[in-house]
Amino acid sequence: MGASRLPPKRNPDFPNRETKVQRQLRAERVLALLHQHFPDAHCALHWETPFQLLVATMLSAQCTDKRVNQVTPNLFVRFPDAKAMAAASVSELEDLVRTTGFFRNKAKNISQSAKLLLRDWDGEVPNTMEALLKLPGVARKTANCVLGTAFQQPVGVVVDTHVGRIARRMGFSREANPVAVERDLMTFFPRTDWVYLSHAWIDLGRSLCTARTAHCSRCFLRGECPQRVAERQR
Ligand code: SF4
């Protein structure tokens, strides 16, 4: 029989009400623990230039970083920059990115973005949220990733499926919408750690706080988390 989905339950030892200041202090303790346990948390995508990170991040939607990293070496050998990518045919791009899923949309967006970058930015990737959001297929998650990782500009928090889930389980947000979750996280965590936080929570979401099961009994954050329950036997 397959494993059942086991969302965590409320930790009975955790206070029912938490003031904003208490939550802020908890965020500091959570960060300290994350730095201790994931000292090297970083973007798992392989890239050499901001353009390549932009493309890799666009490909990572609904796809694992591992799969993207299998696809991008060939893609970037053929089309290493915006100029080359803009000259590629969409069908050629579709073939190269097919295994990342939603490949027609992704190929179209990458092609159109490359053309826009060539036209408006001399082929370079702009380093502002406003300019990045004008590129087809680029939302705040992708823009935050490029700004934080390629330009070391923490403009926001990357909220992917792992970060959203952990933010809710840990009681830092009740929102379902990633933009609203991001806003909550920006309130409680310091700007200097926004980029790190998303990388660290992505690592946590892949290892202990997974979508299927929260392994709370093994989790180093269990003392700071309102959700905690021993996992049931599968
Ligand atoms: S204790 Fe850890 S695994 Fe459990 S819900 Fe909290 S963050 Fe997730």
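Trainee: Which residues are buried in H11?

Mentor: A residue is buried if 20 or more other C-beta atoms, placed from the backbone, lie within 10 Å of its own, exposed if 12 or fewer, and partly exposed in between. In H11 the buried residues are Trp194, Val195, Tyr196, Leu197, Ser198, His199, Ala200, Trp201, Ile202, Leu204 and Gly205. Because 11 of the 14 residues of H11 are buried, this helix is largely enclosed by the rest of the structure. This is a predicted model: local features need pLDDT of at least 70, side-chain atom pairs count only at pLDDT 80 or more, and totals for chains, interfaces and linings use all residues. Residues are numbered from 1 along each chain as its sequence is written.

Trainee: What covers the buried residues of H11?

Mentor: Helices (H or I, at least four residues) and strands (E, at least two) are DSSP runs, numbered from the N terminus. Two residues are in contact if their C-beta atoms, placed from the backbone, lie within 7 Å. The cover of H11 includes helix H1 (20–37), helix H8 (140–150), helix H9 (161–169) and helix H10 (178–188).

Trainee: What is the span of H6 from its first C-alpha to its last?

Mentor: The expected span of a helix is 1.5 Å times one less than its number of residues. H6 (residues 103–121) has 19 residues and reaches 25 Å, close to the 27 Å expected. The buried residues of H6, among them Ile110 and Leu117, pack against helix H2 (50–59), helix H4 (82–87) and helix H5 (90–97).

Trainee: Is Arg119 buried or exposed?

Mentor: Arg119 is in helix H6. Arg119 counts as exposed because it has 11 C-beta neighbours inside 10 Å.

Trainee: Which residues touch the most other members of the largest nonpolar core?

Mentor: Nonpolar side chains tend to be buried together in soluble globular proteins. A nonpolar core is a set of buried Ala, Val, Leu, Ile, Met, Phe, Trp, Tyr and Cys residues joined through C-beta atoms within 7 Å. Here the largest core has 59 residues, and Val146, Val163, Leu185 and Leu197 touch the most other members. Helix H11 (residues 194–207) gives this core its largest share, eight residues. Leaving aside neighbours within four places in sequence, Val146 is in contact with Pro50, Leu53, Leu54, Thr57, Val125 and Leu132.

Trainee: Into which domains is the protein chain divided?

Mentor: Domain bounds come from an automatic or database domain assignment. The chain is divided into domain 1 (20–42 + 157–224) and domain 2 (50–124). Their C-alpha centres lie 29 Å apart.
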